[in-house]
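Visitor: I'd like a quick tour of the side-chain contacts and a pocket in this one. Can you put it up on screen?

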Amino acid sequence: MNRAKLKKLFEQQPSPKACSNRKFNDGTATHTGSSEGTQVVKKVAVKRKLKDESKVKYDGSKEKTTTAESKRKKRKRGKENPSKSSASNEKIDGLSKTSKSSTQSSQGHLKDRLAGARFRYLNEMLYTSDSKEAMTLFKSDPSSYDVYHQGYRKQIEKWPVKPIDLAIKFVKSKPKHFVVADMGCGEAVLAASVPHKVYSFDMKALNERVTVADMANTPLQSGSVNMVVFCLSLMGTNITQFIQEAHRVLAAEGVLWISEVSSRFNRDMKTFSDGVESIGFKCTSCNTDMTHFATLTFKKTQSKAVTGKQKKSKVADISLAPCLYKKR
């Protein structure tokens, strides 16, 4: 072997330092040829261990991190797109308002039902008791009268024709010097609607135009009025006394005007008319053309009303069927 070949082989051999750092495997572990190499391997192992531990920690908190990030993203989207956020809030507010209104509506419906039940009770009581008993009730419980009239107002709103309008029209057709007595006037609508002098009587005063009085015994002087009006007010079991009082306060040839629910006459208008005439009146007109109401007009013919004490055989017991509202 010549020198050139020996030199080439010598250059290809690794240096002793390189040999000391070269790694080799004996089948069980990795070794290095020096203490410096061992330290390098340890450092690498420590780094790998720390890296593995950090991976475990990351995996354990991955779900929490994801949740937090998703919340941040949602807030960010809400800021970027406020219309969607406001729409969602409006929807929630709308549901809340709907729930409140539904509760209020149910409460209002319950109150209406209770008020309706009380109105029906009072209405039945007025038709099935005499005027003295009714006066006693309203004096002991004034609020019951207000409840009754609130229910009455709701009822007349449904009527195609209001009898009070017919009464106003009839009174306006008479001379203005006529003095009128409105028996069972309610809110004294007649007195507020005509130019005539009107005395308004009822069991409780709903306003300053009303005088509290029993229709069977008013404070009016005998023969002091030209017209007496009973507009849906012949309630009670002592109707005969109401007609006798009307006869007392009417002047000679005075006018008695009555409007009542048609069903109360039980299809026998003549019996009622004959009963009124037996007290000292003459029927001058009877209108039954309306579907719900009938109106009758009478003229005073005798100077004194016929009473039971004077001529028992001639005085009829005037009565009408009660007008009771069915429970709905």
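Predicted model: local features only at pLDDT ≥ 70, side-chain atom pairs only at ≥ 80, totals over all residues.

Guide: Residues are numbered from 1 along each chain as its sequence is written, and side-chain values use heavy atoms, with hydrogens and water left out.

Visitor: How are the rings of W159 and F293 arranged?

Guide: Rings of Phe, Tyr and Trp (its six-membered ring) pair if their centres lie within 6.5 Å; planes under 30 degrees apart are stacked, over 60 edge-to-face, and the rest tilted. Here the centres are 5.1 Å apart and the planes sit at 65°, so the W159 and F293 pair is edge-to-face.

Visitor: How many residues apart are W159 and F293 in the chain?

Guide: Helices (H or I, at least four residues) and strands (E, at least two) are DSSP runs, numbered from the N terminus. W159 is in the loop between α7 (142-156) and α8 (163-172), while F293 is in strand β9 (residues 293-300). The pair thus links distant parts of the chain, 134 residues apart.

Visitor: Are F265 and F272 buried or exposed?

Guide: The rule is relative accessible area with a 1.4 Å probe on protein chains only: under 20% is buried, over 50% exposed, and in between partly exposed. The rings of F265 and F272 also pair edge-to-face, with centres 5.2 Å apart and planes at 75°. By that rule, both F265 and F272 are buried.

Visitor: Which residues form one aromatic cluster with W159 and F293?

Guide: The search of the whole structure finds eight aromatic pairs. The cluster holding W159 and F293 also includes F119, Y148 and Y152.

Visitor: On to charges: which residue's ring has the charged end of K197 over it?

Guide: A charge sits over a ring if NZ of Lys or CZ of Arg is within 6 Å of the ring centre and within 35 degrees of the ring normal. The charged end of K197 is 4.9 Å from the centre of its ring, and that ring belongs to Y199.

Visitor: What is the N to O distance in the salt bridge of R153 and E187?

Guide: A salt bridge needs a side-chain nitrogen of Lys or Arg within 4 Å of a carboxyl oxygen of Asp or Glu, and the structure holds six. R153 is in helix α7 and E187 in the loop between β3 (179-183) and α9 (189-193), 34 residues apart. R153 is partly exposed at 31% relative accessibility, E187 is partly exposed at 32%, and their N to O distance is 3.2 Å.

Visitor: What separates R248 and E245 along helix α10?

Guide: Their side chains meet in a salt bridge at 2.7 Å, N to O. R248 is partly exposed at 29%, whereas E245 is buried at 6%. They are three residues apart in α10 (residues 239-249), so the separation is about one helical turn.

Visitor: Which helix gives the most to the lining of the second largest pocket?

Guide: On a 1 Å grid over the protein atoms alone, a pocket is an open set of points where a 1.4 Å probe fits, with protein on both sides within 12 Å along at least five of seven lines; lining residues have an atom within 4 Å of a point. This pocket is lined by 36 residues, with H149, Y152, G184, C185 and G186 nearest its centre. α6 (131-140), α7 and α8 each supply at least two lining residues. With six residues, the top contributor is α7.
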